[in-house]
Amino acid sequence: MHPYLRLFDFKQKVDYKIEILAGLTVALALIPEAVAFSMIAGLPPLVGLYAAFVLGLVTAIFGGRPGMISGATGAIAVVIVALAKTKGIEYVFATVVLAGIIQIIVGVLRLGKLIRLVPHPVMFGFVNGLAVIIFMSQLNQFKMKVGDEMVWLTGQPLFMMIGLVALTIGIMVFLPRITKAVPASLVAIIVVFILVASFGLETKTVGDIASIKGGFPPFHIPGVSFTWETFNTIFPYAAIMAGVGLIESLLTLNLIDEITGTRGRGNKECVAQGGANILSGFFYGMGGCAMIGQSLINISAGARARLSGIVAAVMLLVFIMFGAPLIEKVPMAALTGVMIMVAVGTFEWISIRMIGKMPKHDIFVGVLVAAVTILLHNLALAVLIGVIISALVFAWESAKRIRARKYVDEQGVKHYEIYGPLFFGSITAFNEKFDMLNDPDEVVVDFKESRVADMSGIEALNKLTERYHQAGKKLHLEHLSPDCRRLLHNAGALIEVNIMEDPTYNVVTDQVK
């Protein structure tokens, strides 16, 4: 069956009750997040809510990871806030559309597989940093605005907030031990809502943040001039937005894969994210990507199919159009408790226990990625830094693995049997293996247990052969691939070819072949 039609495959085991209840829970949790992120970007609350609806619906149907939730996110809000302030909301919509086009191109070119280059310590740092951000962001609910400043609650309002949050957390911790028939997070929200409404308790509600009342997202072509100047203005923002969105989405996809023991499709998710952002830009949305917090709420509630994401998006729209008066009365304490439990569940506690067992450089990478994520709220930069450092560490460790076994045969020919990769990082160690002045007139360098990995290695061989030639000595290079032989300047005179034993592999090079 076509992947897009699996939702309607009656042979697929789908617990419709769990999927619907999980979707309802996610819809409630989406509201404060979408409102908060739109306000961070300097946009009206409905812009974030519309983005959550469009992205959630499109990616739920066409995405590469059933059960994953998408919507307006803080990472995207941080990217577009400067553009929104300097150029206005219409430029934001145009940027979202262009970012979606870029994401589709990435998916069509099948570049989503590059996420495999993200090492596990970087994943640990990313997840732990994000867990801390989710937790720290909930502390704002314990504050109130006085003038232009946010100050901590005191007295009865503070104790009320703490008590309701504690009640929410308690229900989520203990209810699953009794029954898992309904999501504990949804039960917690309903119980706290009924308690507050029944006793008329004074506490912060969703309506205190912003009104969520609105209609169906209006179709709207961005009101910008379609000129080269406009393109130059929005392209940098669109490129960063596309990159940040895909990195966060694909990392979330990998995380859900690990939790569920299944495998999502990265390139398909890239195309779905791109299409969703294009539609979001045309339907008055700020754009976004996968949301790790809401995705974990969905998965922890037992959802595994696409239905939960569809229900979440549709119910969010229902809340906006018809249920705003009721939803605006939902206590923020209930949603805060749910998100705190998400933060606790997101954090990789095993990474703390592994500190004494992991290599020091892996620990450093994990801590650094977490720190950058927390301090800068820039997930793409944090992951990029982690990947670069991990790659440099790998290159350094690989450079130390090159070895040479030396011996002189009965004919007086000296042999160097090379072990380990020859690349830019190992050239210095490679050159130190040779004793050109004391070597006999004929030398054989055997690469049977080695591999020339890049043009730096090729150039090292060229210089080695040149030095031996200037010293009046004959050098033989054995067991090199045809690619290596073709790239060496003096290949014909220096290489002994053994068709049966010579390896076949390509050398990384910028040369046109």
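Is R110 buried or exposed? Exposed, at 54% relative accessibility, and by that I mean over 50%, with buried being under 20% and partly exposed in between, using a 1.4 Å probe and protein chains only.

Before I go on, a word on what we're looking at. This is a predicted model, so local features need pLDDT of at least 70 and side-chain atom pairs count only at pLDDT 80 or more, while totals for chains, interfaces and linings use all residues. Residues are numbered from 1 along each chain as its sequence is written, and side-chain values use heavy atoms, with hydrogens and water left out.

Back to R110, then. R110 sits in the loop between α4 (89–108) and α5 (120–138). Helices here are DSSP runs of H or I with at least four residues, strands are E runs of at least two, and both are numbered from the N terminus. R110 isn't a glycine, yet its phi is positive, about 60 degrees. Y284 has a positive phi as well, near 65 degrees, and again we're not talking about a glycine. You'll find Y284 in the loop between α10 (266–282) and β4 (289–290), and Y284 is partly exposed, with a relative accessible area of 27%.

Okay, the whole chain. We've got 21 helices and nine strands, and the C-alpha trace spans about 100 × 55 × 55 Å along its principal axes. Of the 513 residues, 51% count as buried. Take the contacts, meaning heavy atoms within 4.5 Å, at a separation of 6 or more: 80% of them are between residues 24 or more positions apart.

What about the inside? The largest nonpolar core has 109 residues, and I31, F126 and M286 touch the most other members. There's also a second, separate core of 23 residues, including I427, F430, V452 and L461. A core here is a set of buried Ala, Val, Leu, Ile, Met, Phe, Trp, Tyr and Cys residues joined through side-chain atoms within 4.5 Å.

The structure holds eleven aromatic pairs. Rings of Phe, Tyr and Trp (its six-membered ring) pair if their centres lie within 6.5 Å; planes under 30 degrees apart are stacked, over 60 edge-to-face, and the rest tilted. Take F53 and F216: the centres are 6.1 Å apart and the planes are at 75 degrees, so that's edge-to-face. F53 is in helix α2 (residues 45–62) and F216 in the loop between α8 (206–209) and α9 (228–260), so the pair ties together parts that are 163 residues apart in sequence. F53 is buried too, at 9% relative accessible area.

The other pair I'd point at is F430 with F434. Their ring centres are 5.0 Å apart with the planes at 75 degrees, so this one is edge-to-face. F430 is buried, with a relative accessible area of 0%, and F434 counts as buried at 12%. Ring pairs also link F430 and F434 with Y416 and F447 into a cluster.

Last stop, V151. V151 is in strand β3 (residues 149–152) and is partly exposed, at 30% relative accessible area. How far apart in space are V151 and V443? They're 78 Å apart, C-alpha to C-alpha, and 292 residues apart in sequence. Leaving aside neighbours within four places in sequence, V151 is in contact with F142, K143, M144 and V146.
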